[in-house]
Amino acid sequence: MLNEKSYKKIEQDLNLYYSNNNKDIWRNNFHIEMPFGLVNDPNGLSYFNDKFHIFYQWNPFGCEHKTKHWGLVTTTDFVNFTKPQIILKPEDWFDKNGCYSGCGLVKDDELKLYYTGNVRSASGERESYQCVAAYNKNGIVEKQGVIIEKQPEGYTAHFRDPYIFIENKIYYMVLGVQSNDLKGKVLIYKSEDAMKWELLGELKTDMKNFGYMWECPNLVKINDEKYGFIFSPQGLESMEFKYQNIFQSGYVIGSLDLKELKLDNHSEFKELDMGFDFYAPQVFNHDNQNLMFGWIGLPDKDFEYPTFEHGWMYSLTIPRVLEYKNNVLYQKPFEKLKNLRQSQILNINDLSCSDYKLNLKSRCAEIILNLGISETNIVQVKFKFKDEYILITYDKKSQICIIDRSNMCLGGKGIRKFKLETGEELKLHMFIDNSVMEIYYQDGLEVTTLMYFPKDDKLEIEIKSDDKIQINELCAWNLRSVKYE
């Protein structure tokens, strides 16, 4: 039974954690994670009151997918953060079994938080309510109750994850749903005041039979003519070069017709991240840039994350800027992440060698690596932790990139394969943390996120090819650990 005493202990445990030095070699330095409990979807992402507000799903009482709250950290520079605090608690009749995912909307000098209230009946049946709370500049939160009661006819109770966008001064909400014939869809509602909502209907796309549930939908304007529909479909069949995780996250791009409720002439679905651990991204706009966070983790795969035994699980990605070019979305690290750079440890240009080894004193680094591959075909980048390693192999002729973490003792294993067009240069921009790697390829054309759990805290990066290595550029920085105060 959750009560005031339970939350008082959470506050005390947070203060105790941040007053001590943590010795866990898997604790990340600059990725957002919680001292204890389970973190998943980023929620309510907003720039409000001159600060970035990053909300997220959090069970502070254990490493199980239950008792979901909304946690919050804020920052101005992505180096200094406020201590985590609980914002939404599952304590009302409409959200008693979980304050599920949703979005933020800055309106009338406050931040509106829209979320799904999850309720389980005594017989185990699900009920879903779309709810709103008001968060003001003093940090006071007031739940304002239910704004959409249950799902319309024709859909199951898998009805969740509200996301709001504005077009011609009208508010529109998209919700992920499952039809009664067990197909993933999204519904669109509209409102003039963002409180009273009218159902318009189902968004029409060319994806007629594309999984059994569409989670965490985002409809994002990417230029004057195009919208990106970003979502996380469940139930896609795995293929050699795509859909290799249990669930996917990706997008299609097209022209949004709100009269016909149709996404016209949209592209094929493209995954946002080809790594092992990425799901449920959310996008918000700041200074005319679309910024995205994702959850570093996957549903129904908790057994792959050994930090469960340490009392904490999962992280959020670093913020990524989405840029539309060449008919796809490129991702690049948000400019403010350069604030994390503490000292440059390497700056190499135009080096030819048979192979190259880089020893890092800590797994808290940013590395830019550009390799000339005009005279070579196979390139390998190996991340070595004594007897364990993760291997990236690129075959220029077939344009296949493979990430293999089968040689790690703990955590998830296996390989991920994807197509990667390169030309004369292979470009990698890597962010390495104690148990997370985010790697951007070809200026963000592809990205891979993965968690890893080495037994040894040392890291050596080895670069090899089937010919001489041509390093056009190799820059590396030690990164600061973020502070929570």
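**Contacts, fold and loops**

Analyst: Among contacts in the protein between residues at least 6 apart in sequence, 58% join residues at least 24 apart; contact means heavy atoms within 4.5 Å.

User: What kind of model is it, and how are residues numbered?
Analyst: This is a predicted model, where local features need pLDDT of at least 70, side-chain atom pairs count only at pLDDT 80 or more, and totals for chains, interfaces and linings use all residues. Residues are numbered from 1 along each chain as its sequence is written, and side-chain values use heavy atoms, with hydrogens and water left out.

User: What share of the residues is buried?
Analyst: Buried residues make up 59% of the 485. Buried means under 20% relative accessible area, exposed over 50%, and partly exposed in between (1.4 Å probe, protein chains only).

User: Which domains are assigned?
Analyst: Domain 1 covers 27–333 and domain 2 covers 342–484; the bounds come from an automatic or database domain assignment. Their centres, taken over C-alpha atoms, are separated by 30 Å. Across the two, 43 residues of domain 1 are in contact with 41 residues of domain 2.

User: Changing topic: where is Ile-246?
Analyst: Ile-246 sits in the loop between β15 (227–234) and β16 (250–257).

User: And what does Ile-246 contact?
Analyst: Apart from neighbours within four places in sequence, Ile-246 is in contact with Leu-298, Pro-299, Asp-300 and Lys-301. Its C-alpha atom is 7.9 Å from that of Gln-234, twelve residues apart along the chain. Ile-246 counts as partly exposed because its relative accessibility is 30%.

User: What about phi at Lys-386?
Analyst: Lys-386 has a positive phi of about 55°, although it is not a glycine. Lys-386 lies in the loop between β28 (378–385) and β29 (388–395).

User: Is Lys-386 buried or exposed?
Analyst: Lys-386 is exposed, as its relative accessible area is 63%.

User: Where is Gln-399, then?
Analyst: Gln-399 is in the loop between β29 and β30 (400–404). Phi of Gln-399 is also positive, near 60°, in a residue other than glycine. At 31% relative accessibility, Gln-399 is partly exposed.

How values were computed
Helices (H or I, at least four residues) and strands (E, at least two) are DSSP runs, numbered from the N terminus.
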